Amino acid sequence: INPAVAVLNNGNAVVVWGSFDEAGSGTLQDVYGQVFSPTGQKIGGEFLINQFTSYNQRTPAVAALQNGGFMGTWVSEQQRDTAPVIGTNSTYYTAGTAVRPSVDIYARLYNSNAAALTAEFLVNSNFNTSANPSVAAASDGGFLIAWDAFDLADKANGWDIYARSFSSNGVGGAIARVNTTLAGNQYAPRVSAIGTDYLLVWTSLGQDGSREGVYGQFLHGVAPVGGEFRVNTTTIGSQ
């Protein structure tokens, strides 16, 4: 389920998707990939992208990199099973005293032959529940991963959009919240590269005055270029 596709620099395409119970009995969802030629012929076999196979690894996204390879990113459930819970005073309990399931964003780099260049690595840095990864590759070889995360510390807040830029070899930079408006929920980001800049758009609940609206922000790395802007013109009903 939830397939995503990217065209590589050599003209081949890579498709990634979530597959139930394939990695082993009782493994739930895992992320698999398959490379295709320009004429639709399979190149090699399908391959498992995530290394941690307990619980669900799901909703993948994929982007072709300038070096000819590609990277995949996905949601991983309970991979960090010692995530501290949030107390009523909005502080973390001591690790080991109380734990909750983690829901994180992971990623992994591959070359054009679908050989892994890195182990899977964590994208987000805290224990806020994360979802809906999206990725785009820049012309300098780097890439940016965006996702939404639920604020566990501030009950007056909800879902917000976050982004992190990476070098061509997967070294991550700082994480930044992208949306300026915090009221309501901001979720389901999509990102596209424009040279070494990015355009990030998302759904914002209640911001345009009537249910869902679409908002955007230009970025250089994770630094905003200009301000947050509304994309939709019609504001009556769901956009």
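Reading strands and their neighbours in a predicted model

Q57 stands opposite S76 in β6, and this pair is a starting point for reading the model, which is a predicted one.

Q: How do strands of a sheet pair, and how many bridges join β5 to strand β6?
A: In general, strands of a sheet pair through backbone hydrogen bonds, and the pairing is either parallel or antiparallel. Here β5 and strand β6 (residues 70–77) run antiparallel and are joined by six bridges.

Q: In what order do the four strands of the open sheet lie?
A: The order is β5-β6-β9-β10, and the pairing in this open sheet is antiparallel. Because β5 (57–64) and β10 (121–122) each have a single partner strand, they stand at the edges, and one side of each is left without a neighbour in the sheet.

Q: Is strand β11 largely enclosed by the rest of the structure or largely open, and why?
A: A residue counts as buried when its relative accessible area is under 20%. Seven of the eight residues of strand β11 (residues 130–137) are buried, so the strand is largely enclosed by the rest of the structure.

Q: Which strand pairs with β11, and which residue of the hairpin takes a positive phi?
A: β11 pairs with strand β12 (residues 143–150) in the antiparallel sense over six bridges, and A131 has D148 in β12 as its bridge partner. Five residues lie between the two strands of this hairpin, where G141 takes a positive phi near 100°.

Q: Where is L205 placed, and which residues does L205 touch?
A: L205 lies in strand β16 (residues 197–205), and L205 counts as partly exposed because its relative accessibility is 33%. Leaving aside residues up to four places away in sequence, L205 touches A183, G184, N185, Y187, R211 and E212. The C-alpha atoms of L205 and A183 are 8.2 Å apart in space, while the two residues are 22 residues apart in sequence.

Note on methods
Residues are numbered from 1 along each chain as its sequence is written. This is a predicted model: local features need pLDDT of at least 70, side-chain atom pairs count only at pLDDT 80 or more; totals for chains, interfaces and linings use all residues. Side-chain values use heavy atoms; hydrogens and water are left out. Two strands pair if DSSP finds at least two bridges between them. Buried means under 20% relative accessible area, exposed over 50%, partly exposed in between (1.4 Å probe, protein chains only). Contact means heavy atoms within 4.5 Å.
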